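Student: I am new to this structure. Could you take me through it step by step?
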Amino acid sequence: MPNVLEYAKLFETNLDLLAIQTLKTGFMDGNSGKVKYSGGNEVKVPKMSVQGLGDYSRENGYTSGSVSLVYQTLTMTQDRGRKFLIDAMDVDETNFIANASDVMGEFQRTRLVPEIDAYRISKLATTAMGVAGDTQVEYGYTVGNDIINKIKKGIKAIRSAGYDGELDILATYDVIGAVEEAVLGKLTAMTFAQGGINTQVPQIDGCPLIAVPSNRMYTAITLYDGKTAGQEAGGYIKGTSAKDINFIIVARTSPIAVTKQDKMRIFTPETYQNANSWSMDYRRYHDIWVLDNKKNSLFVNIKDTKA
């Protein structure tokens, strides 16, 4: 009998790594390093505040200041999962791992990754749209030959709000194509690192342009539960009131994105009681947050007009 525990550990490790490497928003997971996670759907996020400068006294020296570090408990609202069955007649012990790898790889590539990307992007867009005065959003833009000016406008909005760190630009393929046409092949590339992989991507003002399929660029999505009539396929669709996003600019260190795979369970045909099948239980928690003091470090350009 195969060591199903070793199979499960192998899948967990490989699927977690594959998720970070293939997510268009995978760079956001780099901000979760200081997040405390002890299992389940809760995480603890550090919040630090310090006092500003005071006058120095030649008699009394430095003015005392305080540092506040507290952990805020946040709940991951996305608790998603699936059970996969592989009929025992289709595989045996020698090729189960290969067949299961194909199944989980396809699931990860075509279902899990697009959904997490779409969810994160919609949350970030909603956050930017919620900033008072619409300073971090532009509505009603159809991609044209002025696209570079529009992107520069978004970069300026974030810089003007006081953020001078690294920015990343998530853009549709239409936007990327328009940028390339506007510069007539003179667009320079830069190295973009994510999940231990370095790739060359185009850039504007030192900000990498990351191409994202348009079906992940919505301001809202509707999640299917996988069991209600009409929702059996699971996954997500564009929300009923959602708007189409052209591009969204994100400060590299602002989003706190967490995705945690629960302990994967694999049952052999001998132990799974409901069918003569191998059974794989897959469950993943995930969510994304932007702290209140960092909401101005986002900018979203939307194709549709404001409602």
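Student: In what order do the three strands of the open sheet come?
Tutor: The order is β1-β2-β3, with antiparallel pairing; strands are DSSP runs of E with at least two residues, helices are runs of H or I with at least four, and both are numbered from the N terminus. Two strands pair if DSSP finds at least two bridges between them. This is a predicted model, in which local features need pLDDT of at least 70, side-chain atom pairs count only at pLDDT 80 or more, and totals for chains, interfaces and linings use all residues. Residues are numbered from 1 along each chain as its sequence is written, and side-chain values use heavy atoms, with hydrogens and water left out.

Student: Turning to β13, why is it largely enclosed?
Tutor: Five of the six residues of β13 (residues 256-261) are buried, so the rest of the structure largely encloses this strand. Buried means under 20% relative accessible area, exposed over 50%, and partly exposed in between (1.4 Å probe, protein chains only).

Student: What does β13 pair with?
Tutor: β13 pairs with β15 (residues 277-289) in the antiparallel sense, over six bridges. Thr259 has His286 in β15 as its bridge partner.

Student: Which residues touch the most other members in the largest nonpolar core?
Tutor: Of its 29 residues, these are Met28, Leu124, Leu170, Ile248 and Val300. Such a core is a set of buried Ala, Val, Leu, Ile, Met, Phe, Trp, Tyr and Cys residues joined through side-chain atoms within 4.5 Å.
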